[in-house]
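Subject: Structure for you to look at

Hello,

Here is the structure I said I would pass on. Please open it beside this email and follow along.

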Amino acid sequence: MLFQIFDAFKPRLHDSNSKVNQVALEAMHKMIPLLKDNLSPVINMLIPAIVDNNLNSKNPGIYAAARNVIQALCQHLDNSLLLQLLCTKAQFLSGKAKQDLTEKLA
């Protein structure tokens with residue numbers, strides 16, 4: 001059931017409409033404290049969707065929302081679930097996204 005929900009939700013995290021994208025990130029931020037470690041089965045698909053375009057967004061609202069989501073993930077999920085994913089993402093990013101993830105990992 002969780003996979004079906006997030007399979008439908010994930011495209012909103014990449015939506016070409018910046019308002020839809022930002023609202024999806026803000027909704028994700030609200031869901032994380034409620035779902036916590038129950039997100040572990042879908043975290044592999046969520047991290048790339050959150051990080052890839054959103055952390056390097058020139059839109060300040062999207063960028064801030066993506067940072068808030070990463071912060072919430074770090075606060076509410078077991079860090080061992082996030083470590084490998086964030087390390088892998090940090091290797092292949094550039095700009096402020098790479099800096100943000102490197103700071104989170106440190």
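The model is predicted: local features need pLDDT of at least 70, side-chain atom pairs count only at pLDDT 80 or more, and totals for chains, interfaces and linings use all residues. Residues are numbered from 1 along each chain as its sequence is written, and side-chain values use heavy atoms, with hydrogens and water left out.

Helix packing

Two packed helices are described by the angle between their axes and the distance between the axes. Helices here (H or I, at least four residues) are DSSP runs, numbered from the N terminus. Axes are lines fitted to C-alpha atoms over the stretch in contact, and angles run from 0 to 180 degrees between N-to-C directions.

Start with helix 3 and helix 4, which pack at an angle of about 150 degrees, their axes 10 Å apart. The two are therefore roughly antiparallel to each other (angles under 35 degrees count as roughly parallel, over 145 as roughly antiparallel, 65 to 115 as roughly perpendicular and the rest as oblique). Helix 3 passes helix 4 in a left-handed crossing; a crossing is left-handed if the near helix is turned anticlockwise from the far one by less than a right angle, and right-handed if clockwise. On the helix 3 side, Ile43, Ile47, Ile50 and Val51 meet Ala66, Val69, Ile70 and Leu73 of helix 4 (contact means heavy atoms within 4.5 Å). By class, this contact has 8 nonpolar residues, no polar and no charged. In this classing, Ala, Val, Leu, Ile, Met, Phe, Trp, Tyr, Cys and Pro count as nonpolar, Asp, Glu, Lys and Arg as charged, and the others, Gly among them, as polar.

Helix 4 (residues 60-76) also packs with helix 6 (residues 95-105), at an angle of about 20 degrees and with the axes 11 Å apart. These two are therefore roughly parallel to each other. Helix 4 passes helix 6 in a right-handed crossing. From helix 4, Tyr63, Arg67, Ile70, Gln71 and Cys74 meet Lys96, Asp100, Leu101 and Lys104 of helix 6. That contact has 4 nonpolar, 1 polar and 4 charged residues.

Helix 5 and helix 6 pack at an angle of about 145 degrees, with 9 Å between their axes. Their crossing is left-handed. Leu83, Leu86, Cys87, Lys89, Ala90 and Gln91 of helix 5 make the contact with Lys98, Leu101, Thr102 and Leu105 of helix 6. The residues divide into 6 nonpolar, 2 polar and 2 charged.

Single residues

Leaving aside residues up to four places away in sequence, Asp100 touches Leu55, Tyr63 and Arg67.

Lys89 lies in helix 5 (residues 79-92). Lys89 and Asp52 are 37 residues apart in sequence and 8.1 Å apart in space, C-alpha to C-alpha. The C-alpha atoms of Leu34 and Lys89, 55 residues apart along the chain, are separated by 25 Å.

Leu34 is in helix 2 and counts as exposed, at 72% relative accessibility. Gln22 is in helix 2 too, and is partly exposed, with a relative accessible area of 22%. Not counting residues up to four places away in sequence, Gln22 touches Asn59, Gly61, Ile62 and Ala65.

Lys36 sits in the loop between helix 2 (18-35) and helix 3 (43-51). Its phi is near 45 degrees, a positive value in a residue other than glycine. Lys36 is partly exposed, at 42% relative accessible area.

Aromatic rings

How many aromatic pairs does a search of the whole structure find? The search finds 1. Phe6 and Phe9 form the pair, which is edge-to-face, 6.0 Å centre to centre with 85 degrees between the planes. Rings of Phe, Tyr and Trp (its six-membered ring) pair if their centres lie within 6.5 Å; planes under 30 degrees apart count as stacked, over 60 as edge-to-face and the rest as tilted. Both residues lie in helix 1 (residues 2-9), 3 residues apart, about one turn of the helix. Phe6 is buried, with a relative accessible area of 1%, and Phe9 is buried at 16%.

Regards

Technical notes: Buried < 20%, exposed > 50% of the residue type's maximum accessible area, 1.4 Å probe, protein only.
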